[in-house]
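Please examine the sequence and the structure shown below. The paragraphs that follow lead through them step by step.

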Amino acid sequence: MKGFSRMRKDIGVLTVGSLVLVGLLALVPLTASPAGQKGNETKGKFYFKQNCKSCHVKDAQGGEITPLSKTQAQWQAYFAKGKHMKGTETLTKYLTPEQLNDALTFLYNHAVDSPQPETCGK
Amino acid sequence: MNRRGFLKLATGGAVGATLLQAEACGMPLRQQKVAKVPAPRLEIPTTCDMCVNKCSLIAIVQGGVVKKLNPNPENPKSRGMLCARGNAGIQQLYDPARIKHPMMRTGERGEGKWKVVSWDEALDFTAQKLSAVKEKYGPQGTLWSSSESFQEQFFRNLGQAFGSPNSVRHPTLCLASVNLAYSLTFGTVPSFDVQNARYIIMSGANRLESFITPDTMDLVASTTDRKARLVYLDPRFTKTAAKADEWYPIRPGTDLAFILAMLNVIIGENRYDKEFVSTYCSGFEQLAEHVKQYSPDWAAEETQISSKHILRVAREFSDAAPRAMYYAGRRSSWYRDDFSMRRGQAILNAIIGNWDRQGGMVPNAKVELGELMFLPWDDPTAPRVDELDRNFPLAAKGDGVYLRLRENVIAGQPYPVKGWMVYKQDPVSGIPDQDKTLQMLRQMDFVGVIDIQMSDTAWFADVILPESTYLERLDPVEMLAGIRPVVVYRQPVVKPLYDTKPLLEIVQGVAKRLNLSQYFDYTMEQWIAEQVKALPMDLPLEYLKKHGVYSSAQFPKYGTTLTPDHRFVTKSGKIELLSRRLQEAGYDPLPIYHPPTQVPEGQFRLVLGRHAFFTHASTTNYPWLNSFSTENTLWIHPKPADSLGIKDSDRIEVASGSGSIRIKARVTPKIRPDCVFMQHGFGKHSPWLRLANSGGSDAQLLETAWDKVSGGAAMHETFVKVRKV
Amino acid sequence: MTNRPKRYALAIDAKKCIDCKACVVACRAENGVPLGKSRNWINEELRGDWPKLMEVFEPEQCHHCEEPACVRVCPTGASYQRPDGVVAINRSECVGCRYCMIACPYDARFFRDDLGVVEKCDLCARRLDRGELPACVETCPSKVRIFGDLNDPTSEIHQILEKRQYRVKKREAGTGPQIYYLL
């Protein structure tokens, strides 16, 4: 799948760039983006599925995780803290802050207390 | 050789039957050599697409010709049946009026001058036009309307990748209000376990004509085998009314009064499920206080159903709980206050504790499917043109509000929309107030339609990109959620007859020319391969090809959400009798009854409904189905007909604020004297749909009105004058 | 049991019929019946006055009688009865005289103008011979139709006719119709 390998490269470039960025930002206190809604939801879904869902399935370490696993406030808090694996690492190990914000947007918009009326078809 | 001699030869041989059958199907006869050995008879399982139910079928194919479509007994949702439309799928495939090649108009829109073009030319043109609109008005200047199908997501994805926030879909003309009401109450829209119910109340939801599987079949079984009692409210004596134990020709728009009175009785007489309410629900105290005003006597005035009956039904209903249900219905595009009525229903169902119990409402179970990871695009940044956030903050965003959207687009506010892509939808036939739809259409710089037939909308398009029919297509595997979820497979049973393409390829063709290929960089086979990875059997694809459907023996499961720590997908985590979200958005947190608009003196309320042998507006041109109703008529009660001097079969004129039509009268006692009824899908403009040109189009009569909270079209709010011509 | 003759028959639970026309379309598709004619049909009857209305739907087709009048009057032997009770027409022998149409008490037969022969329901004989149900029976959403071998005590039709009361149409015509309408 052509697009996919191109994506990997982009992530590679982004990861390098973001390490620099994170390094810079480490000097400034990190605050969560306003309510995490302003990110890119479609991309957020992709990042979540690619980076989180692949491990967080039933009977996995850390358990199955879906957007319904937390409330909106809980998702915000989790991403604000940014820690993973019982605090042994940060989420930025997996995604850049921008990508994390996208993932948060997706999770926030589909959280267990989010207004998401069901509809017919996808 | 004379005809008798030919028949002698053909009797017992498959080929003769093939030719005769082909002729009966409307397939063009060609000179053929009579084969000595009949071609092998293939049985290919696939999934129907003649309506929303997606039943499983087995296509009998011989010599590359589809001879018959049989039900596939392995699908528990379709209960081993295939309805009139399913059987008529052969006519969709062999329809001489199918669009066989891409076409572009040469004359004016609607003039009917077409030229056949190559796919390259049609796709180039489409992409050019879309780009031109984007150039001038931004990507939000394009509108993407579609209806459900297994491939619909590709179309929607294209619109989004293109950068347009303006998607509008069929739920806004159908089930928007019921879905929103149940979503806000329970966090999900459940299915109704009709098979095991003992007491069923239905407002409209004419299930015996408006097929929803398995509810339709289960309703027949439950009521005729005397396992369930059916109380049915409808201004029309439909086939469901004919089978109901009690039918009340309720005054249209007053169903909420009936429901509130039931709540009044059930709560007042302590007939509700106290334990369920205290464990799982919030807002009961406010509800109890609120319904005190809605007595059965009051409701009798509103509904024109005696208070004696309302009282008795309320008591019988609560006695039968939890195997009692107030059936939610599906097409809820009725009144401006429809949402409140559905909320009333949801609340009533909640307090008798039928949630997640046998014979009650059951949250839909799912079967997990895998997902192909395709490259994501940037979400569109522009706000929607129908200004949903402001006008309908709680409505389902991706579905839009068609009637509001149309108003805005015609006004050019808040910004111009000048390009319109339509997939598997006929807005000209399907949306109320046809003149406005045509006005919106005419204002477009570009109209592109993807369809299988020359629908009324295709007739007015600039370019038509023909899709292959379901019998010619490989589609994504689809999971149908429900009490017994199923996974259905759709594979081609014949090669495409004409120069048509499946939607994914059409989307890829457009995407390539818009430099969006990277988002559609997969084949259907790759898509399906990812999906089936999640299925439990070895070689899932082989299984699906062979069986056409998969269902798991672990269902039905009841009570999976009935644990005290279960969090409902609502703001509070409980079943919200009083809805906090509604409150915060400035709507009534508990349903308040507003009487419907009075029918003006000398006029009639126009109501709509379904027949079991048609699917909305898309099947009226198939001869096998059309034979049951060669034109639509206006149902009118004998008394008002008499005073208007109208006799059965007279030609009459029906006029509303939107327009007028000429149609045949059907004088019948099967409808309230203050209502008239007409069937959908006739009075078509498109001359290719010759059999549907007769009768009249309800779209020309229906006025623009919408449900206040969901924005769903309100199609029973039109009053008409009738006169003999 | 294998040397016992089969006797195919149809039991109809008309109160389950919702007049959806699936059986009519299935028959048309299966048997190539041209529009304007039908091998099966639904009788409708509306009774009462507003608002006390009642409506019944009753499917009907050839009754595959025990003493088929149509077979008796056929001059060429085109109309015949199979050992399993199915009354069929050998199309190549039919000369289109239409005596059978006059003889049938149920108006179950019709004339094929395009072919010059008479036609009617044959319980989808080809399907029966493949071990399948008639198309109308198989397709019915409400399971109105019960089809099977009356002489097989384990068959659903045999058992339901033991349990439930039924009537036949036009018993007085004396042809011994084999569609049993459950009461």
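In this predicted model, helix α17(B) passes helix α19(B) in a left-handed crossing. Helix α17 covers residues 402–411 of chain B and helix α19 covers residues 434–443 of chain B; their axes come within 9 Å and cross at roughly 45 degrees. How are α17(B) and α19(B) oriented to each other? Angles under 35 degrees count as roughly parallel, and 65 to 115 degrees as roughly perpendicular. The two helices, α17(B) and α19(B), are therefore oblique to each other. On the side of α17(B), the contact is made by B:Arg406, B:Val409 and B:Ile410, while α19(B) contributes B:Lys436, B:Thr437, B:Gln439, B:Met440 and B:Gln443.

Another helix of chain B, α7(B), shows how a helix may be enclosed. A residue is buried if 20 or more other C-beta atoms lie within 10 Å of its own. In α7(B), 11 of the 11 residues are buried, so this helix is largely enclosed by the rest of the structure. The buried residues of α7(B) include B:Ala176, B:Val178, B:Asn179, B:Tyr182 and B:Phe186. Among the elements that cover these buried residues of α7(B) are α15 (338–351), β21 (575–576) and α24 (580–584) of chain B. After α7(B) comes B:Gly187, whose phi is positive, near 80 degrees.

B:Gln62 belongs to strand β2, which covers residues 56–62 of chain B. Is B:Gln62 buried or partly exposed? Because B:Gln62 has 18 C-beta neighbours inside 10 Å, it counts as partly exposed. The residues B:Gln62 and B:Gln491 are 429 residues apart along the chain, and their C-alpha atoms are separated by 16 Å.

The next topic is how the chains meet. Two pairs of chains touch, and the most contacts are between chains B and C. In that pair, 29 residues of chain C are in contact with 36 residues of chain B. On the side of chain C that touches chain B, α1 (22–31), β3 (52–61) and α5 (135–139) of chain C each supply at least two residues. The element that gives the most to this side is α1(C), with six residues.

The contact between chains B and A takes 32 residues from chain B and 23 residues from chain A. Here α6 (152–162) and α7 (176–186) of chain B each supply at least two residues of the side of chain B that touches chain A. That side of chain B divides into 12 nonpolar, 10 polar and 10 charged residues. Chains A and C do not touch, and their nearest C-alpha atoms are 24 Å apart.

Finally, chain C may be considered as a whole. Its secondary structure comprises six helices and 10 strands. Along its principal axes, the C-alpha trace of chain C spans about 50 × 45 × 35 Å. A compact globule of 183 residues would have a radius of gyration near 16 Å, and the 17 Å of chain C agrees with this. Buried residues make up 42% of the 183 residues in chain C. Of the contacts in chain C with a separation of 6 or more, 55% are between residues 24 or more positions apart.

Note on methods. Residues numbered from 1 in each chain as written. Chains lettered and ligands numbered in written order. Predicted model: local features only at pLDDT ≥ 70, side-chain atom pairs only at ≥ 80, totals over all residues. Contact = placed C-beta atoms within 7 Å. Helix = DSSP H or I, 4+ residues; strand = E, 2+ residues; numbered from the N terminus. Nonpolar A, V, L, I, M, F, W, Y, C, P; charged D, E, K, R; others polar. Axes fitted to C-alpha atoms, helices over the stretch in contact; angles between N-to-C directions. Parallel < 35°, antiparallel > 145°, perpendicular 65-115°, else oblique. Left-handed = near helix turned anticlockwise from the far one by under 90°. Rg over C-alpha atoms; globule rule 2.2 N^0.38 Å. Buried ≥ 20, exposed ≤ 12 C-beta atoms within 10 Å, placed from the backbone.
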